[in-house]
Amino acid sequence: MGKPIIEINHLSKCYRLGQFGFSSFREEAEKWMRRTRGLEIAEENVRDFWALRDVSITVQPGEVVGIIGRNGAGKSTLLKILSRITEPTQGEVVLRGRVASLLEVGTGFHPELSGRENVFLNGAILGMRKAEIARKFDEIVDFAEVEQFIDTPVKRYSSGMYVKLAFAVAAHLEPEILIVDEVLAVGDVQFQRKCVAKMGEVSGKGRTVLFVSHNIGLIHALCDKGVCLEAGRVRATGSISEVVLAYNESGNLAVKWAERRNGPIGFVKVVPLDEGESLIRPGAGYRLHFESVDARSPNTDAVVRIRNAGGLVVHYFNSCLDELAPRSGEFPGFCLEVNRCDMPPGQYFVDVELWKNGECIDRVNSATTFEVVDGFFNGRPARAWNGNSATLTEHKWSVS
């Protein structure tokens, strides 16, 4: 294996938080006098915030790497450093190739220039000759679907048009490294699909893609490697399945019931329906017990969502939609019985909500997890096949 196309070594980025602004000549003179005398300068309401702390990552050529994490984890800061928009406080970044970035609407475009002029400007910034850009120009305009407006100043573009042209330029001008932030969410669904297909095509040609998104299903489908950031540090790296699992278990998502002091929800437990069985298998049934501590009234309902390791909701249950018998007085909780497990083997996360009089009074994401093990469904072996299917369906084959 050759040298990594991206090497990030002990990278840290510090921002100063507080009140900053212009000061008068007199205030600056006083600060200068205090410095010359070796006296301290009081800085009120100013503190350091480390957006990244000791981050080390290597990326090989041709890899599609998904970067995930909660808001404020440091994802955008990392991409800005890789795109040379901001400098790191500590550490180093080695990039062995041209970088094209799509970080936010309008990045890299001059608002007064037309779409056509911005295409050539971006290509020149990437180090491409005019003839190279001209050869790709028609393909870029066709992909972006902005032919009618290509000679209009981009300041008159909608945010969706902006993103379409920006992505088309970044993807078609053949960078060795393509960096894409959550900005794709601005485009319509059809264009998002085109972008995902294009990123797959780019990586298939040996180029590297770094992709940031909160859409875990999309990350799981597109990326083969992943990085999970948490509070500016690397929580996990490796295969995308391992990283998504670490993300689902990070922070407050995995609630320890012993530490939960507030809220009506007590605990959630998932067990097989068959008392003689200790494991949940495809085709068998399972019971989910949802205890309610405080909100015990006839107007209380429960909502349960079951997500797979890719973050996709595979089942949704709502007691108010299922004609639960009227209740009166106190009751210990809710019990949901599923007679036939149609989920392939793998790990699953249970989100629970408690509703009263049409208002959500408590919600806990990943309240508990359970695992479906290998077994048989409809007489056929059911095994984990790298997330190829979200559910199992009873079916039969024939030859026509």
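Biologist: How are α4 and α5 oriented to each other?
Modeller: In this predicted model, α4 and α5 are oblique to each other. The axes of α4, residues 130–144, and α5, residues 159–172, cross at roughly 140°. Angles over 145 degrees would count as roughly antiparallel, so the pair is classed as oblique.

Biologist: Within what distance do the axes of α4 and α5 come?
Modeller: The two axes come within 8 Å.

Biologist: Is the crossing of α4 and α5 right-handed or left-handed?
Modeller: The crossing of α4 past α5 is right-handed.

Biologist: Which residues make the contact?
Modeller: From α4, the residues are K136, E139, I140, F143 and A144. α5 contributes K164, L165, F167, A168, V169 and H172. Sorted by class, the contact comprises 7 nonpolar, 1 polar and 3 charged residues.

Biologist: Turning to V94, where is this residue found?
Modeller: V94 lies in strand β4, which covers residues 90–95. V94 has a relative accessible area of 24%, so this residue is partly exposed.

Biologist: What does V94 contact, leaving aside neighbours within four places in sequence?
Modeller: V94 is in contact with I5, I6 and E7. V94 and I6 are 88 residues apart along the chain, and their C-alpha atoms are separated by 5.7 Å.

How values were computed: Residues are numbered from 1 along each chain as its sequence is written. This is a predicted model: local features need pLDDT of at least 70, side-chain atom pairs count only at pLDDT 80 or more; totals for chains, interfaces and linings use all residues. Side-chain values use heavy atoms; hydrogens and water are left out. Axes are lines fitted to C-alpha atoms, for helices over the stretch in contact, and angles run from 0 to 180 degrees between N-to-C directions. Helices (H or I, at least four residues) and strands (E, at least two) are DSSP runs, numbered from the N terminus. Angles under 35 degrees count as roughly parallel, over 145 as roughly antiparallel, 65 to 115 as roughly perpendicular and the rest as oblique. A crossing is left-handed if the near helix is turned anticlockwise from the far one by less than a right angle, and right-handed if clockwise. Contact means heavy atoms within 4.5 Å. Ala, Val, Leu, Ile, Met, Phe, Trp, Tyr, Cys and Pro count as nonpolar, Asp, Glu, Lys and Arg as charged, and the others, Gly among them, as polar. Buried means under 20% relative accessible area, exposed over 50%, partly exposed in between (1.4 Å probe, protein chains only).
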